[in-house]
Amino acid sequence: MSAIDSLPPLREVIATHGLSAKKSLGQNFLLDLNLTAKIARAAGDLSGCDVLEVGPGPGGLTRGLLAEGARHVLAVEKDSRCLPALDEIAAAYPDRLTVLNADAMDSDVLTRLTAPIKVVANLPYNVGTELLVRWLTPPAWPPVWDSLTLMFQREVAERIVAQPGSKTYGRLAILAQWRCDARIAMRLPPEAFTPPPKVASAVVHLRALPEPRFEADAAVLERVVAAAFGQRRKMLRASLKGVIPDIENVLESVGIAPTERAEQVSVERFCALARAVAG
Ligand code: SAM
C-alpha cells in the first residue's frame with residue numbers, strides 16, 4: 001500500500017500493465033507518490049478546482065492530484081497502453097477522473113473544464129515548450145486557467161523565470177512574465193525519474209495575472225521580441241531595423257539606447273517599445 005492512497009505501488013502498476021518506458025513519447029515516470037503529492041501541492045489549493053493533466057502515464061501525478069483534493073482531473077494521454085492503469089485510478093476516485101486517449105497537441109481540451117482551472121503536468125519534453133507557449137498566448141487575457149504547474153528540463157525552467165541581463169533571458173521569459181507571476185517551485189535530479197533522463201528537471205509555477213503587467217498589443221510585442229532575440233548578439237538598432245522603420249528614434253523615444261542588446265531590455269521597456277511601434 002502506498003502512502004497517499006490504497007492503490008498498488010507504481011512499480012507494481014507498471015509491471016502489471018507492461019508499461020515499459022518509450023523514449024519517443026518522453027516517458028520518464030515519477031514513481032514516488034510522496035513526490036507526486038508534493039508536486040500537486042505546488043499547484044496550491046486544488047479543492048474546488050478542475051485540473052488538466054497532460055501525459056498521466058501510469059498515473060503517479062494523477063493520484064497525487066486526486067489525493068490532494070482536486071474536484072475533477074481531466075488526464076490526456078497519447079499512449080493507449082496506460083489506459084487500464086488509469087481506469088483503476090478512476091474507479092478508486094469515482095466521478096473525479098476523466099481520461100482522454102488523445103494527443104494533447106491536437107485537441108483544445110481546456111474548453112472541456114469548468115473554472116477555476118489549474119493545469120498540472122509532468123510534460124513530455126518534446127512538446128512541453130510548445131504547449132506552454134499555447135497556454136500563454138490565448139486569444140484573450142485573462143486565460144481560462146488560473147495557474148500552470150509544469151515540469152520542464154531545468155534549462156527550460158530557467159529560461160521561463162530568467163531576468164534581464166542573464167544569458168537565458170529571452171522570448172520565453174517575456175511571454176511568461178508579461179502576464180504571469182513565474183517562479184521555480186521545485187528542482188529535481190535525474191534520479192527522481194524512471195528511467196532517469198540525461199538532464200535535471202524543475203517544476204515551474206505560473207500564476208495568471210488578472211491583466212498584463214504592462215500595456216501592450218500581444219501581437220506587436222511578440223513580433224518585436226521575436227526579432228530582437230532572433231539576433232540576440234546584435235545591437236537593437238540592427239536586429240530591429242527590418243521590423244521598425246526609423247528604429248533609432250523609436251528606441252530613444254522609449255528610453256532604450258540603440259546600442260543595447262535584447263537581453264538587457266526589461267519586459268516593461270519591451271512593452272513601451274511595442275506601444276511606440278503600435279502607435
Ligand atoms: N505523468 C507521468 C509521471 O509523472 O510519471 C508521466 C510523465 S512522462 C514525462 C510524459 C507522459 O506524456 C507520458 O505518459 C507520455 O506517454 C505522454 N505523452 C507524450 N506525448 C503526448 C502528447 N502529445 N499528448 C498526450 N500525452 C503525451
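Analyst: One term to start: buried means under 20% relative accessible area, exposed over 50%, and partly exposed in between (1.4 Å probe, protein chains only). This is a predicted model, in which local features need pLDDT of at least 70 and side-chain atom pairs count only at pLDDT 80 or more, while totals for chains, interfaces and linings use all residues. Residues are numbered from 1 along each chain as its sequence is written, and side-chain values use heavy atoms, with hydrogens and water left out.

User: How many salt bridges does a search of the whole structure find?
Analyst: The search finds 15. A salt bridge is a side-chain nitrogen of Lys or Arg within 4 Å of a carboxyl oxygen of Asp or Glu.

User: What about Arg81, which side chain does it meet in a salt bridge?
Analyst: Arg81 pairs with Asp79, at 2.9 Å from N to O. Arg81 is partly exposed at 23% relative accessible area, and Asp79 is buried at 4%.

User: And Lys167, what does it form a salt bridge with?
Analyst: Its partner is Glu263, with the closest N and O atoms 3.4 Å apart. The two are 96 residues apart and link distant parts of the chain: Lys167 is in the loop between α6 (154–161) and α7 (171–179), and Glu263 is in the loop between α10 (247–253) and α11 (267–278). Helices here are DSSP runs of H or I with at least four residues, strands are runs of E with at least two, and both are numbered from the N terminus.

User: Is Lys167 buried or exposed?
Analyst: Lys167 is exposed, at 68%, whereas Glu263 is buried, at 14%.

User: Changing topic, where does Glu53 lie?
Analyst: Glu53 is in strand β2, residues 50–54. Glu53 is buried but has no salt bridge, and the nearest side chain of opposite charge, Arg63, is 10 Å away. For charge, Lys and Arg count as positive and Asp and Glu as negative, with His and the chain ends not counted.

User: Which residues is Glu53 in contact with, leaving aside neighbours within four places in sequence?
Analyst: Among them are Leu61, Thr62, Val73 and Val120. Contact means heavy atoms within 4.5 Å.

User: Last one: how many residues line the largest pocket?
Analyst: The lining has 30 residues, and Leu25, Gly55, Glu77, Asn122 and Pro124 lie nearest the centre. A pocket is an open set of points on a 1 Å grid over the protein atoms alone, where a 1.4 Å probe fits, with protein on both sides within 12 Å along at least five of seven lines; lining residues have an atom within 4 Å of a point.
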